[in-house]
Structure formats: structure tokens, C-alpha cells
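User: I am new to reading protein models, and I would like to learn how to describe what I see. Could we go through some features together, with the general idea before each case?

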Amino acid sequence: MKALEIYTDGACRGNPGAGGWGVYLLYKNEKKEFYGGKLNTTNNQMELTAAIEGLKVLKEPCKVKLYTDSKYVMDGINSWIANWKKNNWKTASKKDVKNKDLWIELDAETCKHEIEWIWVKGHSGNIGNEKADALANMGIDNLDV
């Protein structure tokens, strides 16, 4: 099983507002960059989209170290998602899970791989995180606004 690292980040100018996502993928000596954006979105939606898009580019099951600076993504994937699924995508207070469609898509992608989720402090000099952040901002910059 291939082992690789993926750094993901989301960005938003206004929340909601114009948003972007970035993915910086490292495999052996290869480095790949992906980004995209959306006109009317939220920071959390872009953080989730970055993780989804990072995993979607993998063509076979991989052993992944996925780095994110999003506590929302980390808490959701590590703590909340199991109960959401058990409760038919409802929160403990019986409300619909916010960004349910993205969580369902992320859940489907994570099932394909062996993933170690690693939280990194944003804007703290972590080279992979800084690169993913720059890509997320490119995603916004390339929108037709």
C-alpha cells in the first residue's frame, strides 16, 4: 500500500463568501498541488472540500497522513461522525448535521484508505500547511468575481 502525505486547507473571504480549498500532496519525491474555489461558501465547507478533494485524487487505496488545521474537520471525523451516522445524520439535539452532504462524501472517501488524521496549527510555519493555505487562496483568486 502506497504511503503518502496530504496537507489540506480551506479559506474564505467573508464567512459566508468567496472560498477556496487547497491540497498539497507528497509521495516519495513527487509533489502535487490542487485547488479550487466557490463563490458562496463557508470556511468549514472549504476545509471539508479540501480533505475530500485530496482523497479523491488517489486512484488506489493508500496509507495517508492527512494534515489539517481545522478543528472542525478533526472533531467531526474523530468524534462526531460515528454518532451522526447512527442517528441518520442528526445531531444530539435532533437537528440536521451542518454540511451533511460534505460529511457523507468525506466519509465515503475515508473508507477507501487507511488515514491518520493530524492536526497542525495554522499559520505557524508548517511548510505543508502554508503551501495548502496558499493554494486555497489561489482557489479564491481564480474565481470570476
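User: How are α1 and α3 oriented to each other?

Analyst: Please keep in mind that this is a predicted model. Two packed helices are described by the angle between their axes and the distance between the axes. Here helix α1 (residues 43-56) packs against α3 at an angle of about 25 degrees, and their axes are 9 Å apart. Angles under 35 degrees count as roughly parallel, and α1 and α3 are therefore roughly parallel to each other. The crossing of α1 and α3 is left-handed. On the α1 side, the contact is made by Q45, L48, T49, A51, I52, L55 and K56, while α3 contributes L102, W103, E105, L106, E109 and T110.

User: What is the orientation of α2 and α3 to each other?

Analyst: The axes of helix α2 (residues 71-86) and α3 come within 11 Å and cross at roughly 95 degrees. Since angles of 65 to 115 degrees count as roughly perpendicular, α2 and α3 are described as roughly perpendicular to each other. The residues that make this contact are Y72, V73, G76, I77, I81, W84 and K85 of α2, together with W103, L106, D107 and T110 of α3.

User: Is E109 buried or exposed, and which residues does E109 contact beyond its neighbours within four places in sequence?

Analyst: E109 belongs to helix α3, which spans residues 100-110. The cut-off for buried is under 20% relative accessible area, and E109 counts as buried because its relative accessibility is 9%. When the neighbours within four places in sequence are left aside, E109 is in contact with I52, L55 and K56.

User: Which helix holds E47, and is E47 buried or exposed?

Analyst: E47 is found in helix α1, and with a relative accessible area of 4% E47 is buried. Apart from its neighbours within four places in sequence, E47 is in contact with D9, G10, T68, D69, S70 and V73.

User: How many aromatic pairs does the count come to, and what kind of pair do Y7 and Y24 form?

Analyst: A pair of aromatic rings is described by the distance of the centres and the angle of the planes. With ring centres within 6.5 Å as the cut-off, the count comes to 7 aromatic pairs. In one of these, the rings of Y7 and Y24 have their centres 6.5 Å apart and their planes at 45 degrees, so the pair is tilted. Because Y7 lies in strand β1 (residues 2-14) and Y24 lies in strand β2 (residues 17-27), the pair ties together parts that are 17 residues apart in sequence. Y7 is buried at a relative accessible area of 10%, and Y24 is buried at 9%.

User: What kind of pair do W84 and W89 form?

Analyst: The pair of W84 and W89 is tilted, because the centres of their rings are 6.5 Å apart and the planes lie at 40 degrees. W84 counts as buried at 10% relative accessibility, and W89 counts as buried at 11%. Both W84 and W89 belong to one aromatic cluster, which is formed by Y72, W80, W84, W89 and W103.

User: Where does the charged end of K71 sit?

Analyst: The charged end of K71 sits over the ring of W119, at 4.1 Å from the centre of that ring.

Note on methods
Residues numbered from 1 in each chain as written. Predicted model: local features only at pLDDT ≥ 70, side-chain atom pairs only at ≥ 80, totals over all residues. Heavy atoms only, no water. Helix = DSSP H or I, 4+ residues; strand = E, 2+ residues; numbered from the N terminus. Buried < 20%, exposed > 50% of the residue type's maximum accessible area, 1.4 Å probe, protein only. Contact = heavy atoms within 4.5 Å. Phe/Tyr/Trp six-rings, centres within 6.5 Å; stacked < 30°, edge-to-face > 60°. Lys NZ or Arg CZ within 6 Å of the ring centre and 35° of its normal. Axes fitted to C-alpha atoms, helices over the stretch in contact; angles between N-to-C directions. Parallel < 35°, antiparallel > 145°, perpendicular 65-115°, else oblique. Left-handed = near helix turned anticlockwise from the far one by under 90°.
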